[in-house]
Amino acid sequence: MLKFLSVLLQFVLFLVTYAVGSFFLHPFHVQTVLSSSGTGTRIMFWDGLLLMLLLYGLVLLIEALMRQFRRSAMWSTVAVVLAGALGWALKFGILNA
């Protein structure tokens, strides 16, 4: 039960970080033009994904320092993959201009 709660909270943390970085914060200003047509341009802002991956690295570092790496790293990876997949499905960071 405790592992499920930990994975759920990490999932929410990673998803919120992805969303905030995609919509509000753009510290890295990394963007890619996905398509351009007469009706508009689709742009992908990578800042949310990069912030989420930096936070994931920080979580792994904390787990390694606490000597919990072997038990917790797999569950943190599951949480970040699920948050990334849901963020990608919800099209976080994609702007139709």
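**Figure 1. Overall architecture of the predicted model.** A residue is called buried under 20% relative accessible area, exposed over 50% and partly exposed in between (1.4 Å probe, protein chains only). This is a predicted model, in which local features need pLDDT of at least 70 and side-chain atom pairs count only at pLDDT 80 or more, while totals for chains, interfaces and linings use all residues. Residues are numbered from 1 along each chain as its sequence is written, and side-chain values use heavy atoms, with hydrogens and water left out. The protein chain contains three helices and three strands (DSSP runs numbered from the N terminus; helices are H or I with at least four residues, strands E with at least two). Along the sequence these elements are arranged as α-β-β-α-α-β. Taken along the principal axes, the box filled by the C-alpha atoms is roughly 55 × 25 × 20 Å. Of the 97 residues in the chain, 33% are buried.

**Figure 2. Nonpolar surface patch that includes Val 16.** The patch consists of Met 1, Leu 2, Phe 4, Leu 5, Leu 8, Leu 9, Val 12, Val 16, Val 20, Phe 23, Phe 24 and Leu 25. Together these residues present about 1300 Å² of accessible area (Shrake-Rupley method, 1.4 Å probe; for residues, only the protein chains shown count as cover). Patch members have over 30% relative accessible area and no salt bridge, and nonpolar side chains (Val, Leu, Ile, Met, Phe, Trp, Tyr) are joined within 5 Å, like charges within 9 Å. A salt bridge here is a side-chain nitrogen of Lys or Arg within 4 Å of a carboxyl oxygen of Asp or Glu. Val 16, one of the patch residues, belongs to helix H1, residues 2-23. The relative accessible area of Val 16 is 47%, so this residue is partly exposed.

Figure 3. A pocket is an open set of points on a 1 Å grid over the protein atoms alone, where a 1.4 Å probe fits, with protein on both sides within 12 Å along at least five of seven lines; lining residues have an atom within 4 Å of a point. The lining comprises Leu 2, Lys 3, Ser 6, Val 7, Gln 10, Glu 63, Arg 71, Ser 72, Trp 75 and Ser 76. Two elements, H1 and helix H3 (69-89), each give two or more residues to this lining. The largest contribution, five residues, comes from H1. By class, three lining residues are nonpolar, four polar and three charged (Asp, Glu, Lys and Arg are charged; Ala, Val, Leu, Ile, Met, Phe, Trp, Tyr, Cys and Pro are nonpolar; the others, Gly among them, are polar).

**Figure 4. Two loop residues with positive phi.** Most residues other than glycine have a negative phi. His 29, in the loop between H1 and strand S1 (31-36), has a positive phi near 55 degrees. With 64% relative accessible area, His 29 is exposed. Arg 67 lies in the loop between H2 and H3 and likewise is a non-glycine residue with a positive phi, of about 60 degrees. Arg 67 is exposed, since its relative accessibility is 74%.

Figure 5. Tyr 56 is located in H2 and is buried, at 16% relative accessibility. The C-alpha atom of Tyr 56 is 7.6 Å from that of Ser 76, a residue 20 positions away along the chain. Leu 58 also sits in H2, which spans residues 47-65, but is partly exposed at 44%. A C-alpha separation of 19 Å divides Leu 58 from Leu 25, 33 residues away along the chain.

Figure 6. Val 78 lies in helix H3 and is partly exposed, with 33% relative accessibility. Its C-alpha atom is 8.3 Å from that of Phe 11, across 67 residues of sequence. Ser 37 occupies the loop between S1 and strand S2 (41-45) and is partly exposed at 45%.
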